2 protein chains.
Amino acid sequence: MSSDLSVPETRVLAIASHVVYGYVGNKMATLVMQSLGCDVAALNTVHFSNHTGYRQFKGTRSTAEEISDLYQGLTQSLLTDFDVMLSGYAPSAAAVEAVGAIGLDLQRKAEAKPGSFFWILDPVMGDQGRLYVNDDVVPAYKKIIHHADLILPNQFEAEVLSGIKITSLSTLAEAITVIHATYSVPHVIITSVQLSKLSRSSSTPATPPNSLTVIGSTTKTDGSPRLFRVDVPALDCFFSGTGDMFAALTVARLREAVFAAGPSLRSTKSWVSPDDVPATELPLAKATVKVLASMHSVLEKTLEARDAELRAAAIEDESAAGLSGEEKEKREYLRRTKAAEVRVVRNVQYLRDPVIEFQAQEWDKADLPARLQ
Amino acid sequence: MSSDLSVPETRVLAIASHVVYGYVGNKMATLVMQSLGCDVAALNTVHFSNHTGYRQFKGTRSTAEEISDLYQGLTQSLLTDFDVMLSGYAPSAAAVEAVGAIGLDLQRKAEAKPGSFFWILDPVMGDQGRLYVNDDVVPAYKKIIHHADLILPNQFEAEVLSGIKITSLSTLAEAITVIHATYSVPHVIITSVQLSKLSRSSSTPATPPNSLTVIGSTTKTDGSPRLFRVDVPALDCFFSGTGDMFAALTVARLREAVFAAGPSLRSTKSWVSPDDVPATELPLAKATVKVLASMHSVLEKTLEARDAELRAAAIEDESAAGLSGEEKEKREYLRRTKAAEVRVVRNVQYLRDPVIEFQAQEWDKADLPARLQ
């Protein structure tokens, strides 16, 4: 098993939240990356009983000082030889700055060896049109993103970072172009866009109504984007932690694709492919294809397991008899949230051996703003 | 892969320490149990940069209140349907008490279904003749052990709990007997004893000089022990986190063995086998055999990897040129400690498919105190 692993040995520093129960943040990312053979150092930014989707939780947040202090602990014991840093949720603007300082320090240490360190940053700020962090977290991210090699905003976060409202394929491409230019960040993936909800030119074939589109790009030498897209069927359920699963899989699969591209790319700063590599042949595109294949299988299995669990619970639950309507409703909500926890542990084979069903596509020229065509 | 898993689905609450870098405590236990298909809720009792074997670390300890609070978070969201609790290091007497209260609460919730919840307790207090916790932690453990189903002391901890100095096979058997009786704990494994250092009766065959012996026992109805032993070759290196690896593997393998024994045992309180099951046929003995096979392979691989890493480091290290003798020595110590981190991630196949080389043996009657013969 482990000897078949296609992912090269990778030492990752993962900075994100920890939950006792369930799979989000570092709890998800660590498991996913370890399943693919990565050696993960997990620096936890919060210590919660469960994810906030339950609408209640207990626990504590790490201060910026605690985060810096843990990193200082690694430094003093010479434990910072990381190949990749994956940074996710940080609970305050000061914590975001502390994470930024860690990324910068690791970059500085790797300066002499271009490509030996790569920073993937998930700018966790909000979703579905709404910030779920303090307002001051946004400028804190805007400062540190300049130093990241790849960022993974969702549609809303891409809007916040670009200042462009994404209402069409054309504005989507515009947003990515602006992000590349404004933050000099060489790789971007917008992790999920519901294109069926966007207005589109009548000349392009319709996206199936229940599909999600992931859009990525690696810049060329002149800073222009190389855009690719992968469409995947959307599942009829909201799952927490999928962003973290996406990011963790991307760490492993991107490194794999970069290694597969030969020794020259992996000793190139930020792993930016030569200009003659087309969008769909980018390591970023190849990685995304595998990432989405794994995710789709695991989420399908999760949906099956969720439905089975809810059916079983409906039969079993006698203890709710004496409860008020409101209490019953809360209980039902908690049960449904628990049942939708992503089932990773027993579906590791789909992480290791993704079944590729969805390919990366070049963007239709018709969808691009005139100046990108 | 996951579909071949022989370990039944198991929901574990693991309470132990977290380190950012390396593999001890919950960082080790979570990975090991997840690799065997267990769903692990990880409640972390400390948040350190690295294990204390480095002789320096940064980070914070959870208070007893924080531990209770996280558990309260699980309770309020109906997230406590655990099959097994594994409790390890707790940083204070109050924290040990808080962990004890969690174990008791889970037992109370499972009362109506005997065998549906099992508590494995690793009474982490010290090693090699020396306590590394505050003195008041000892009485705190002595209070909660009464409620555990299986405890996993090392030789020193078994001495502390039994009040018997282990100097021979006979006193070792005595210590286990006293632990069963004093704490009414049905299963005990003493996780490593260097029998070659103990005086022994001349009638028993000599243990190979570099071997470690693991001794376990499950009580009979009359409270008397059923003793078995497994001898494994000792490796010439100290590894941190092996106790945590042992405990985590035991969770999965014991549950597997209990399920294999049929439905009656797993609905028996504390999974105590009928009196006619001989020591070497106990699920505890069968589990121990698999646990030690996995551990031996992973530690052999670790030793190889360590040696390779130290050789590579010796060639590479130019940066030490300007350092003082003391600084060089410290650096060398840190490097050696890092190189000895247990290599689990890329050796998961040895956890999943242990190669059995060491069998459980019945104890020689000659080694037992007269009243046990």
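Mentor: Two strands count as paired if DSSP finds at least two bridges between them. Keep that in mind as we look at this predicted model.

Trainee: Thanks! In which sense do β2(A) and strand β3 of chain A pair, and over how many bridges?

Mentor: In general, strands of a sheet pair through backbone hydrogen bonds, either parallel or antiparallel. Here β2(A) and β3(A), residues 59–61, run antiparallel and share 3 bridges. As an example, His47(A) has Thr60(A) as its bridge partner in β3(A).

Trainee: And how do strand β1 of chain A and β2(A) pair?

Mentor: β1(A), residues 11–19, pairs with β2(A) in the parallel sense, over 8 bridges. Together with helix α1 of chain A, residues 25–35, β1(A) and β2(A) form a right-handed β-α-β unit.

Trainee: How many of the residues of strand β2 of chain A are buried?

Mentor: Buried means under 20% relative accessible area. In β2(A), residues 39–48, that applies to 9 of the 10 residues, so the strand is largely enclosed by the rest of the structure.

Trainee: Can we try a single residue? Is Ile215(A) buried or exposed?

Mentor: Ile215(A) counts as buried because its relative accessibility is 0%. You will find Ile215(A) in strand β10 of chain A, residues 211–219. Leaving aside residues up to four places away in sequence, Ile215(A) touches several others, including Leu172(A), Val188(A), Phe228(A) and Trp363(A).

Trainee: Now chain B. What is the strand order of its open sheet?

Mentor: The open sheet in chain B has 10 strands, in the order β3-β2-β1-β4-β5-β8-β9-β10-β11-β12, and its pairing is mixed. β3(B) and β12(B) stand at the edges with a single partner strand each, so one side of each has no neighbour in the sheet.

Trainee: Which strands does helix α7 of chain B lie across?

Mentor: α7(B), residues 242–260, lies across β1, β4, β5, β8, β9 and β10 of chain B, at about 165° to β4(B).

Trainee: At what angle do helix α1 of chain B and α7(B) pack?

Mentor: Two packed helices are described by the angle between their axes and the distance between the axes. For α1(B) and α7(B), the angle is about 35° and the axes are 8 Å apart. The crossing is right-handed. Among the residues that meet are Met28(B) and Val32(B) from α1(B), and Ala248(B) and Leu249(B) from α7(B). By class, this contact has 8 nonpolar, 1 polar and 1 charged residues.

Notes:
Residues are numbered from 1 along each chain as its sequence is written. Chains are lettered from A and ligands numbered from 1 in the order in which they are written. This is a predicted model: local features need pLDDT of at least 70, side-chain atom pairs count only at pLDDT 80 or more; totals for chains, interfaces and linings use all residues. Side-chain values use heavy atoms; hydrogens and water are left out. Helices (H or I, at least four residues) and strands (E, at least two) are DSSP runs, numbered from the N terminus. Contact means heavy atoms within 4.5 Å. Axes are lines fitted to C-alpha atoms, for helices over the stretch in contact, and angles run from 0 to 180 degrees between N-to-C directions. Buried means under 20% relative accessible area, exposed over 50%, partly exposed in between (1.4 Å probe, protein chains only). A crossover is right-handed if, with the strands pointing away from the viewer, the path from the first strand over the helix to the second runs clockwise. A crossing is left-handed if the near helix is turned anticlockwise from the far one by less than a right angle, and right-handed if clockwise. Ala, Val, Leu, Ile, Met, Phe, Trp, Tyr, Cys and Pro count as nonpolar, Asp, Glu, Lys and Arg as charged, and the others, Gly among them, as polar.
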